Structures are given as C-alpha cells and as structure tokens.
Amino acid sequence: MDCIGFICEPEHPVFGAVAERLSARGFDVQFLRPGNPVARADIDDLAALVNTTLRPESFSALRYADRVGVETWNGFLPTTALACRLVALHGLEQVGCQVPTVWFEKPDHDYIARTRYAWDGIPANSDEGDFYQARVREEPVEYKYFAVNDGRETHLRAIQVRSEVSGLDHVISEETVEVTLAARVRELLDRFGARALCVEFVESKEGFYAQAVDPAPGFTGTGMERRVADSIASLTTIGA
C-alpha cells in the first residue's frame with residue numbers, strides 16, 4: 001500500500017479532509033507534526049511527501065525526499081524559491097504580472113514593510129523591514145488565485161478575502177476567474193515546477209497587482225479538496 005506523509009496537523013480543515021479522501025481510495029496516510037524534525041527513515045518509507053508549512057524542518061524533509069527520489073508536493077526548489085519574497089515578485093513580473101515597486105530604504109510613498117522570506121512572517125515592528133513594497137490597493141480586499149495541478153491539467157479557483165486587524169483573512173466570496181490572471185498563475189506554477197500555489201492580487205486604479213506568492217497554500221474557502229486529493233494521488237503508483 002502506498003503511504004503518503006503529510007507535514008500537517010491532522011485537524012487541518014482542508015488537508016485533514018484531503019487525507020480522509022486519500023484513505024478512502026486505499027492510501028495509507030501518515031501525519032508528521034509541523035515544527036518537529038522528520039526522521040529520514042520515515043521519509044524512506046513514503047511513496048510521496050506533502051508539505052503544508054513554511055518551516056526549516058519542512059525544508060530539510062523536502063530536500064532529503066527530493067535527493068532520495070521520494071515524490072514531493074511541492075518540492076524543495078519551488079517551495080524555498082517562492083518563499084523568498086523578492087524571488088517570487090521577480091517570477092510574477094517575468095510571467096507578465098504587474099507588481100508593486102520595491103525599495104530597500106524607506107520611501108516617501110505609502111509602503112508595506114516586508115521580511116525577505118515568507119517563513120519569517122511579518123516584521124516585528126510593522127514600520128521596519130528588510131525591504132519596502134509600495135502599497136497599491138485602495139481597499140482592504142485581496143483576490144487570491146489558487147492553482148493545483150492534478151498531473152493532467154491545472155485547476156484554478158479565485159476567492160475574495162478581506163484583511164482583518166487581527167491579521168487573519170475573512171473569505172468574502174468566490175470570484176470569477178479572470179482569464180489573463182489565471183494564465184499568468186498557471187505559467188508561474190509551470191516555470192517553478194510546482195504542484196500547487198496561491199498568488200495574491202490587489203486592485204488599484206492601474207489594474208491588478210500581484211503582490212505575493214504562497215508556495216504552501218492552505219486552500220481554505222476554495223472547496224478544492226477533491227482537486228488537491230487528485231493532485232497528491234497522481235504522484236503515486238496507485239494514482240498514476
């Protein structure tokens with residue numbers, strides 16, 4: 001029986017349901033606690049490794065899995081590259097997205113302070129960052145485009161979320177996928193060899209800006225559990 005490892009809490013609202021779907025298809029599912037080192041022997045026994053968090057322990061596990069030929073979703077390269085915020089912005093620009101201006105010294109314009117790496121979260125002091133990204137949105141609303149490849153085609157879902165003072169996002173509604181944005185998200189996924197990602201867009205008078213990439217998306221509010229399960233299953237001999 002093919003065993004799939006999830007670096008994920010078993011109670012995750014989306015990946016917990018995905019794991020149940022895979023179990024019903026005949027897969028053995030093993031949960032590996034985020035933040036805990038993953039033993040190499042545990043990885044050796046897997047048919048595939050799924051990571052849902054941006055943590056050093058996850059990167060080490062993905063790197064080892066890639067090295068020994070265990071299929072990964074996503075792999076070490078796309079996860080670490082797209083978690084580097086400046087690399088992600090450059091990648092978005094290369095596929096035709098409009099991206100905010102970036103400065104390495106505080107500008108006279110309205111800005112968002114950023115850390116260089118997504119795994120560092122937001123700056124402890126919201127006014128001090130490793131770099132500064134132009135604030136381009138006019139409303140506290142973001143459009144998140146989730147992409148997942150099931151081994152045959154890439155599926156897209158767009159949702160509108162409102163940023164809350166708590167730092168959490170509140171899903172407002174499902175959005176109609178804008179064809180041009182969707183094509184650019186698909187191209188980004190293909191260029192980095194990723195299986196899944198999320199691109200965050202905001203709207204201004206000049207149109208849509210792509211301002212961030214999540215290489216370990218949680219898919220909350222998307223209703224894509226079946227698509228995600230299909231994608232993970234396709235990595236294995238059972239799902240191939």
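Biologist: How many helices and strands does the secondary structure of the protein chain come to?

Modeller: This is a predicted model, in which local features need pLDDT of at least 70 and side-chain atom pairs count only at pLDDT 80 or more, while totals for chains, interfaces and linings use all residues. Residues are numbered from 1 along each chain as its sequence is written, and side-chain values use heavy atoms, leaving out hydrogens and water. Helices (H or I, at least four residues) and strands (E, at least two) are DSSP runs, numbered from the N terminus. Counted that way, the protein chain has seven helices and 12 strands.

Biologist: What is the radius of gyration of the protein chain, and what does the globule rule give for 240 residues?

Modeller: The radius is taken over C-alpha atoms, and the rule is 2.2 Å times the number of residues to the power 0.38. The protein chain is as compact as a globular protein of that length, because its radius of gyration of 18 Å is close to the rule's 18 Å.

Biologist: Thanks! What share of the 240 residues counts as buried?

Modeller: Buried means under 20% relative accessible area, exposed over 50%, and partly exposed in between (1.4 Å probe, protein chains only). By that cut-off, the buried share of the 240 residues is 48%.

Biologist: And what percentage of the contacts with a separation of 6 or more comes from residues 24 or more positions apart?

Modeller: A contact means heavy atoms within 4.5 Å. Among contacts in the protein chain with a separation of 6 or more, the share from residues 24 or more positions apart is 60%.

Biologist: Let's turn to Thr52. Which backbone oxygen does its side chain reach?

Modeller: Thr52 sits in the loop between strand S3 (48–51) and helix H3 (56–68). Thr52 is buried, because its relative accessible area is 12%. Beyond its neighbours within four places in sequence, Thr52 is in contact with Ile7, Cys8, Phe15 and Ala216. At 2.7 Å, its side chain reaches the backbone oxygen of Ile7.

Biologist: With which side chain does Thr72 make a polar contact?

Modeller: Thr72 belongs to strand S4 (residues 71–73), and it counts as buried because its relative accessibility is 12%. Its contacts, neighbours within four places left aside, are Leu49, Leu62, Ala65, Asp66 and Leu235. A polar contact is a pair of N or O atoms within 3.5 Å; within protein, one must be able to donate a hydrogen and the other to accept it, and residues adjacent in sequence count only if both atoms are side-chain atoms. At 2.8 Å, the partner of the Thr72 side chain is the side chain of Asp66.

Biologist: Which residue does a cis peptide bond join to Trp73?

Modeller: Look in the loop between S4 and helix H4 (76–82), where Asn74 lies. Omega of the cis bond is about -20 degrees, and the residue joined to Trp73 is Asn74.

Biologist: Is Ala88 buried or exposed?

Modeller: Ala88 lies in helix H5 (residues 85–94). Not counting residues up to four places away in sequence, Ala88 touches Ala81, Leu82 and Val213. Because its relative accessibility is 3%, Ala88 counts as buried.

Biologist: What is phi of Phe219 near?

Modeller: Phe219 is found in the loop between strand S12 (207–214) and H7. Phe219 is buried, because its relative accessible area is 1%. Its phi is a positive value in a residue other than glycine, near 65 degrees.

Biologist: What does Thr220 count as at its relative accessibility?

Modeller: Thr220 is also found in the loop between S12 and H7. Thr220 touches Pro13, Val14 and Ile159, not counting residues up to four places away in sequence. Because its relative accessibility is 45%, Thr220 counts as partly exposed.

Biologist: Which elements are included in what covers the buried residues of H7?

Modeller: In helix H7 (residues 225–233), the buried residues are Val228, Ala229, Ser231, Ile232 and Ala233. Their cover includes strand S1 (3–7), helix H1 (15–24), S3, S4 and strand S8 (141–149).

Biologist: One last thing: how far apart are the C-alpha atoms of Glu225 and Ala17?

Modeller: Glu225 lies in helix H7. Leaving aside neighbours within four places in sequence, Glu225 is in contact with Val14, Ala17, Val18 and Arg21. Although Glu225 and Ala17 are 208 residues apart along the chain, their C-alpha atoms are separated by 6.9 Å.
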